[in-house]
Amino acid sequence: MSCALLLLLMSLALAMGTGAAVEIQRPRGVPLSKRQFYEENKPFTCLDGSSTIPFDRVNDDYCDCRDGSDEPGTAACPNGSFHCTNAGFRPAFIPSSRINDGICDCCDTTDEYNSGATCQNTCREMGRKERESLQIMAEITKEGFLLKQQLIHEAKRGQEDKQGKLTELQGSKKGLEEKVEALRTVKETAEDPEKEAKERHLKAWEEQKELLRMEKDKTRMAEAFLELDDDADGYVSVAELQSHLELDPDSDGSLSETETQGLLGGADKVDTSTFETVWSGIKDKYLSEVSQGQSEPPAPVETPQEESRDFVSDHDSDHYPEDYAGEEEEDVEDDEEDDHDEEEEEEKVPPTVQTPEKREDDEVSMPPYDTETQSLIDAAQKARDDFDEAERALREVDDQMKNLEKEIGFDFGPSAEFAYLYSQCYELSTSEYIYRLCPFNRVSQKPKFGGSETNLGLWGQWAGPEGNLYSVMKYDHGQGCWQGPNRSTTVKLTCGKETVVTSTSEPSRCEYLMEFTTPAVCQEPASLDEVLHGHTEL
Amino acid sequence: QDSTWVSQLSERLPVHYRVSFPCFGPGLISHLNDLSLLSQDENGVVLSLGADSQWLIVSAKPFRLDIMEGREVLLSLNSRGLLTAKEDGMWEETFKSHTDNKPNGPSSISLDFSLPGVEHVYGIPEHADSLKLKTTDGGDPYRLFNLDVFQYELFNPMALYGAIPVMLSHSAQRTMGIFWLNAAETWVDISSNTAGKTVFGQMLDYVQGSSETPQTDVRWISESGIIDVFIMLGPTPTDVFSQYASLTGTQAFPPLSALAYHQCRWNYNDQEDVAAVDQGFDEHDIPYDFIWLDIEHTDGKRYFTWDPHKFPQPKDMLQGLMDKRRKMVTIVDPHIKVDSSYKIHNEIRSKGFYVKNKDGGDYEGWCWPGNSGYPDFTNPEMRAWWASMFAYDQYEGSMENMYTWNDMNEPSVFNGPEVTMHKDALHGNWENRDLHNLYGLYVQMATAEGLIERSGGVERPFVLTRAFFAGSQRYGAVWTGDNTAEWEHLKISIPMCLSLGLVGVSFCGADVGGFFKSPSTELLVRWYQTGAYQPFFRAHAHLDTPRREPWLFGPENTALIREAVRQRYALLPYWYQLFYHAHHSGQPVMRPLWVEYPQDTATFSMDDQFLLGRDLLVHPVTEEGGRGVTAYLPGKGEVWFDVHTFQKHNGAQNLYIPVTISSIPVFQRGGSIIPRKARVRRSSSCMEHDPYTLFVALSPKRFAQGELYIDDGHTFNFDKQKQFIHRRLSFANKALSSRNLAPGSQFITPSWIEKIVILGASKPSKATLKTPDGKENLLEFEFDASMSVLTLRKPGVNAGVDWTVVLQ
């Protein structure tokens, strides 16, 4: 390395030695490559051929050529350009308008030869700095490029692994599908006898319940008769029934004599046997005189229960849905939300429906299944469980396959060198915010001192210029701006040994710019000699 | 005096003192010497006004004033008897929880003016309306009340940011002006006896010969004050401009660089952003002189401070700009954050300089910084203190290449009635009600004074203001406020600036590109092309809009914008000369055509094209997808030359010009000479010593005249030490010569005459340059026979000396 530099400096010194002679031989502002067009004492033809002028009109501070070629060293032509040699640094062309404008543009000061501006020749210093930074860059590029090779290698292996896994999963998926179908048949076969046995059992139970209910009704009727028959004459009369306002057929608040008579089937009074028919008409409304004064009807009991539930959820509004969701998810897989939700709801329905039934029928509950039915049920349940488990396993495989396919389908660059960024996140902390870049996923911003995260854009596409597509990532459709567009982020990738977000800014409202270094964009380095040589020619 | 008539009506025994501004303009003294009594009876007097056989007839019952010339009535006051000065009754108005109990009671005044023979009236800015004022019958009157209006509507008489109560009337016979000197809320009603007539009705009148004389009646109403009216009798537009200038002063002569291009945005985020934008202009070879910083540059909207994170080293930034010979403007608004750790606030509070509320406490309102106080700029001591805050050791981080922008000075009060100050707030003894429209003027006045003082009185200031009043022209530039990126807003920028120019304010511009919303690329390009030919040329954009620096729209559009800006820079010598005249004699820079062609009725309502000075006619393309424009070239017997192609067109014709996206139709009047600098550089300062190219456009009689004005471009030395060059350029008898117009002046310039382009010329056999030392040199020339353009090569003579070029 030091050997190469030494050689380079020597060649520079040599060039400088002869440089002075070269300068004299061409008019001010003309590059070496065009020297042959400016021959002293011969008429000058504009480089576009538009006209020919005496040589003393070259650089005479008046623009004669349409293309500005007669005034390479003055500001006379609006479209001219001036060549600075910049010995020790890089030669450059500047617009003619910058000649003698009082601002030092060429590091060799040659552009300000008549403006009074005091310019320092900084070419050597700039050359040195550039060489230094080029050297540093070259080293970074070199190391970065090695890392990139590794990344490519890993990505290739990773890709193969994934492909293999996918094939494997495809195989097991087929097996699982068959298994699911087989178990479905088993399940359905077991469920038919179960259903029959359960229906049988239920029917028997319903019949029994009906008998019990009729008996209870009779008892209630007898009690009611006794209660109504105030004078214990064995008849319920119009007057005795009239105190039961709840029986008022037109609900106008008063039970008239005619109305009461109607209730009694047109009679003034009825005996026990006739009361049976009257009872069937009033039993739904009838309130026992004993219970009326004591306990509340059962309906209002539910109200406070609901209220208290709301009350709780109000207070824990932040945690409630999360915990709730979390508990549910423990039993099921994470993905495919839609399907799962439906099933969960179905599973939840039976208990809530059963509760009021139980209450209505008081303490009387269905008797246990007989052993035969129970064994059928157990068999069916087992078949169902087996089926569910197989189906779950199939879904799991499906999900894995989808994720793999998605990952394999991503454009991770020509050699998949960006694959390692997938499912990673990189953060940068500024004075106010923490910025987070999750490549191929999203960009976000979170205030350091409280406040919620803002989505600055979701993965869109590679957006570099033609020929360098993989130098820029675009994330868009982020959170909307007030009166403005949705937030978006442009991520500029530069070569670096490390993978790190180096800066963020918001050049335009809600349009963010992020700089990101990664070895994955490091290009194969040209040899250092080549780099340096290319920039120091005279 | 000079055909200006002052009518000041004071009441006897007023209920309270009314505000009046004695001797408002520089050196206005009422000369009543010329008045002589001609006749008198018990009901009135007839007075001679001196010159031009003008009479004033004063009638007592009913009160009425008639100004006559010969047998013709020029103008009548109170002919409709609408004179009022209300003193009776008291009432209150309530805004939210605030009650304005009007301690002085109703105090409104009103007066009507009749203008026989007048069908066109102009002025009374600021309104987003056509140049020719409309009649207000059946609608709202034009309102003058400085307000911070959010997204203003076009073609609406609603009040905007500024108010200049000056109206011009014009007919083919005479131009006159009415200056209603009152800074309270003012309304102007306009009616006309011809406006409502159909074309058929007018024709019928004509055929029957029975038409009544056209007449415009104007009624002025103000909420308080006295009736203090100046009548400017003209008779020419030029006369009216000088008469008005004698009352309120002339346009401040800006530093030359302020006439160049300004790059603004709410906001350039930090020093790096500023450096990057500056670099962008160089990379794309687009000139600019000023980059602007809006409110976000401050530390929490505390003006005179810098955000310590975004702008930690303001002097480094300013030095970086200075190294490129460029400049910066920072915003300093008049609302002051109420914050006991803020020096500016503490000083204003302790000195008692804040505007007070009706209970005597400091008036406070909401603005950008939150709770804010409003300094009482009507107080001369407050203004002197404010000015001292611009000293380099007070405004930390400021440097001599940093200038100032006063925004929100209506004043804007977010939680006030109509987003402004409560009318019963107190400026000393005066209610805001009485002088509301003056607040913004005083803010700019104090700021401009600060910039002058900080340089020891040497440097000319540059201050932009949003609010203004009659006289604001003396302190800097105004812009048309928060416009919108729409084609109609581009179009309205022309009549809005023309109206301001007519009443003294020449340094006017609209936000290029439109402030609110985002312009289409085509609109942005067209706006640059239009703005390049309007006096104040600044691009600006709202915080929430996407970036729109000129190079962000692809190379073709960058090139179009570059070309428009370069045209501006090349023409800067002419702009500078026009501003010198505006400063010197009050003639507007941007003019409606009728000002130069007062008898050509076809021009009276024109506001889609305009003149710069006398000699350039601009008809910008302001239609979306425009394929052509029809420009009216005035002046029968005159000729106009397309400045791009040099093609000659005859005057008094409607000329259809096919246009492309690169077209900016501009014409030079035959008979004029316009100096340009063809070497456009990255800032106007870089072009200071560059040579001139003279464009001589010959009249049909082969005559032309123009001027060349040169000074140092930034100090008052042109005024105080007569350090300037002012030359008369004239072409006659086949000779072009330069003669000194200001023998008492002296200035040395290294600039020389690079090229002379003569349009409408014939081919000479030789061209000889004669210089004062007796030398004669033959000049080479080129002649383009197809366009009759003669180009003289490199006269090389210094721009400050006498010379003659003779063509043979």
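## Salt bridges overall

The structure holds 72 salt bridges, counted over all chains. This is a predicted model. Side chains of opposite charge can pair when their charged atoms come close.

One such pair sits inside chain A. The side chains of E177(A) and K173(A) form a salt bridge, with N to O at 4.0 Å. Both residues belong to helix α2 of chain A, which covers residues 123-228. E177(A) and K173(A) are four residues apart there, about one turn of the helix.

## Where the chains meet

Chain A and chain B touch. On the chain A side, 24 residues are in contact; on the chain B side, 27. The size of an interface is often given as the accessible area lost when the parts come together. For chain A and chain B, about 2200 Å² is buried between them. Carbon and sulfur atoms account for 38% of that area.

Eight salt bridges link chain A and chain B. One of the pairs joining these chains is D105(A) with R682(B), whose side chains meet at 2.5 Å, N to O. Polar contacts also cross the interface: 17 residue pairs, with both residues at pLDDT 80 or more. Which element of chain A gives the most to the side that touches chain B? It is strand β13 of chain A, residues 500-508, with three residues. By class, the side of chain A that touches chain B has 10 charged, nine nonpolar and five polar residues.

## Helices α10 and α11 of chain B

Helix α10 of chain B runs over residues 521-531, and helix α11 of chain B over residues 554-570. Their axes come within 8 Å and cross at roughly 10°. Angles under 35 degrees count as roughly parallel, so α10(B) is roughly parallel to α11(B).

Which residues make the contact? From α10(B) come T521(B), L524(B), V525(B), Y528(B), Q529(B) and G531(B). From α11(B) come N557(B), L560(B), I561(B), A564(B), V565(B) and R568(B). Sorted by class, the contact of α10(B) with α11(B) has seven nonpolar residues, four polar and one charged.

## Helices α9 and α10 of chain B

Helix α10(B) has another partner. Helix α9 of chain B spans residues 487-502. The axes of α9(B) and α10(B) come within 10 Å and cross at roughly 5°. That crossing angle makes α9(B) roughly parallel to α10(B).

On α9(B), the contact is made by W487(B), H489(B) and L490(B). On α10(B), it is made by E522(B), L523(B), R526(B), W527(B) and T530(B). The contact of α9(B) with α10(B) divides into four nonpolar, two polar and two charged residues.

## Backbone details in chain B

Two cis peptide bonds can be picked out. One joins P125(B) and E126(B), with omega about 20°. E126(B) lies in the loop between β11 (120-123) and β12 (142-144) of chain B. Another cis peptide bond runs from G234(B) to P235(B), where omega is near 10°. P235(B) is in the loop between β17 (227-232) and α2 (237-248) of chain B.

Phi also deserves a look at K517(B). This residue is not a glycine, yet phi is positive, about 65°. Where is K517(B) found? K517(B) is in the loop between β29 (508-509) and α10 of chain B.

Key
Residues numbered from 1 in each chain as written. Chains lettered and ligands numbered in written order. Predicted model: local features only at pLDDT ≥ 70, side-chain atom pairs only at ≥ 80, totals over all residues. Heavy atoms only, no water. Contact = heavy atoms within 4.5 Å. Buried area = accessible area lost by both parts, 1.4 Å probe. Polar contact = N/O pair within 3.5 Å; in protein donor to acceptor, adjacent residues only side chain to side chain. Helix = DSSP H or I, 4+ residues; strand = E, 2+ residues; numbered from the N terminus. Nonpolar A, V, L, I, M, F, W, Y, C, P; charged D, E, K, R; others polar. Axes fitted to C-alpha atoms, helices over the stretch in contact; angles between N-to-C directions. Parallel < 35°, antiparallel > 145°, perpendicular 65-115°, else oblique.
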